Amino acid sequence: MRISRDKNSGVTVVTPILREGLSADEVNGAVRRVVNDLIADVRPSGWVSWYYTPMALEFTRHLTPDIRVYDNMDELSAFAGAPQGLLDLERELMGKCDLMFVGGQSLYEAKRNRHDNIHVFPSSVDTAHFRVARQRAVDPEDQKEIPHPRIGFFGVIDERMNFDIVAGIAALRPQWRLAMLGPTAKISPQSLPRAQNIHWLGCKSYDELPNYLSGWDVGIMPFALNDATRFISPTKTPEFLAAGVPVVSTAVADVVNPYGAAGHVKIASNAEEFVAKIELLLSRPKTRWLSAVDEHLAEMSWDKTWARMMLHMASVGARSKVAREAQLV
């Protein structure tokens, strides 16, 4: 296994190194041994099992943490290539976990009756990191020769994107340039729409994003409206806003409310509507919009999100302590 430690954050990342050709049972067995060795080495006096995917239950169900947390950010079973048995594992995990967080209001509404201690925590934002984009920076090498107006997207490029909208915008406004950042996943790069004014710039690091966003005139979130996007709450929504980039999105539920309803994000359903909304944003002064956006973002931070999560965990821990003490009486 490979171990890396971040001295500033105190986070240790353990990465199992597995040989090719292992069966699913062999993979789970190998990872289980890594987890056991790690716990034996650390010997924690109190600890939390934090799950982002139910699939991790296959190599951790034997553990006895003080608290189990299921942090459910997406409806993973709706994604292309979702593993078989994922829903069964999720039911098992929800039966075992003490506390459940969900990443958006629509996901909360879908699962609120399936757990008795479930709380919604939509994506927050590192405002200071993205606000740097509001001061014009030097364009990255692969973007500096792209003319304006620049229409930008960043994120994973997969089955959740409506490629007809991307191609349609490019065809309707050949004088605009589309800067598309992100890795492709579960789709062939050859299937991406191609045109002289569409620039697929590939994956960029989190630290690089503000430099790219600083050179964009409008952002787009052309999500397909399908099973994979039914419950998403895109983290990039507040990141676009913190960067000061006006944005047009399809009608993803957790974008429409609260961002669309508040007027922070424009909503469109097809290429023609995207073009009309982008033209509006290109011509609109940003001062009043930025003031409203900043008022909204002032209530958001990852630190505040974590503090609220910690309160819920402390409450679970207190109840568990009372229950253990009652058993000893």
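Trainee: What should I know about the model and the numbering?
Mentor: This is a predicted model, in which local features need pLDDT of at least 70, side-chain atom pairs count only at pLDDT 80 or more, and totals for chains, interfaces and linings use all residues. Side-chain values use heavy atoms, with hydrogens and water left out, and residues are numbered along each chain as its sequence is written, from 1.

Trainee: Happy with that. In which order do the strands of the open sheet of four strands run?
Mentor: Helices (H or I, at least four residues) and strands (E, at least two) are DSSP runs, numbered from the N terminus. Two strands pair if DSSP finds at least two bridges between them. In this sheet the pairing is parallel, and the order is S3-S4-S5-S6.

Trainee: Which are the edge strands of that sheet?
Mentor: Look for strands that pair on one side only. S3 does pair with S4, in the parallel sense over four bridges, and there Tyr51 stands opposite Tyr70 in S4. The edge strands are S3 and S6 (118-120).

Trainee: What angle does the direction of H2 make with that of S4?
Mentor: Axes are lines fitted to C-alpha atoms, for helices over the stretch in contact, and angles run from 0 to 180 degrees between N-to-C directions. Contact means heavy atoms within 4.5 Å. H2 packs on the sheet and touches S3, S4 and S5, and its direction makes with that of S4 an angle of about 135°.

Trainee: Why do the buried residues of H2 line one face of the helix?
Mentor: Buried means under 20% relative accessible area, exposed over 50%, and partly exposed in between (1.4 Å probe, protein chains only). Leu86, Leu89, Glu90, Leu93 and Met94 are the buried residues in H2 (residues 86-96). The arc is that of the directions from the helix axis to the C-beta atoms. Seen down the axis, these residues line one face because they fall within an arc of 135°.

Trainee: Nice. Which elements do the buried residues of H8 pack against?
Mentor: In H8 (residues 253-260), Asp254, Val255 and Tyr259 are buried. They cover an arc of only 100° around the axis, which puts them on the same side of H8. Their packing partners are H3, S10 (218-221), H7 (236-242), S11, S12 and H10 (287-297).

Trainee: Which cis peptide bond involves Pro258, and what is its omega?
Mentor: Pro258 is found in helix H8. The peptide bond is the one from Asn257 to Pro258, with omega near 25°.

Trainee: Where is Pro149, which a cis peptide bond joins to His148?
Mentor: The bond between His148 and Pro149 has an omega of about -5°. As for its place, Pro149 is found in the loop between H4 (127-131) and S7 (150-154).

Trainee: Which are the edge strands of the open sheet of six strands?
Mentor: The order is S9-S8-S7-S10-S11-S12, with parallel pairing. S8 (residues 177-181) pairs with S9 over four bridges, and S11 (residues 247-249) with S12 over two. Each edge strand pairs on one side only, and these are S9 (198-202) and S12 (266-267).

Trainee: Is Ser249 buried or exposed?
Mentor: Ser249 lies in strand S11. Leaving out residues up to four places away in sequence, Ser249 touches Met221, Val255, Val265, Lys266, Ile267, Ala268 and Phe274. With a relative accessible area of 0%, Ser249 is buried.

Trainee: How are H5 and H9 oriented to each other: parallel, perpendicular or oblique?
Mentor: The axes of H5 (residues 163-172) and H9 (residues 271-283) come within 8 Å and cross at roughly 60°. The contact includes Ile165 and Leu172 of H5 and Phe274 and Ile278 of H9. Angles under 35 degrees count as roughly parallel, over 145 as roughly antiparallel, 65 to 115 as roughly perpendicular and the rest as oblique. H5 and H9 are therefore oblique.

Trainee: Last one: is Arg43 buried or exposed?
Mentor: Arg43 sits in the loop between H1 (24-42) and S3. Its phi is near 50°, a positive value in a residue other than glycine. With a relative accessible area of 70%, Arg43 is exposed.
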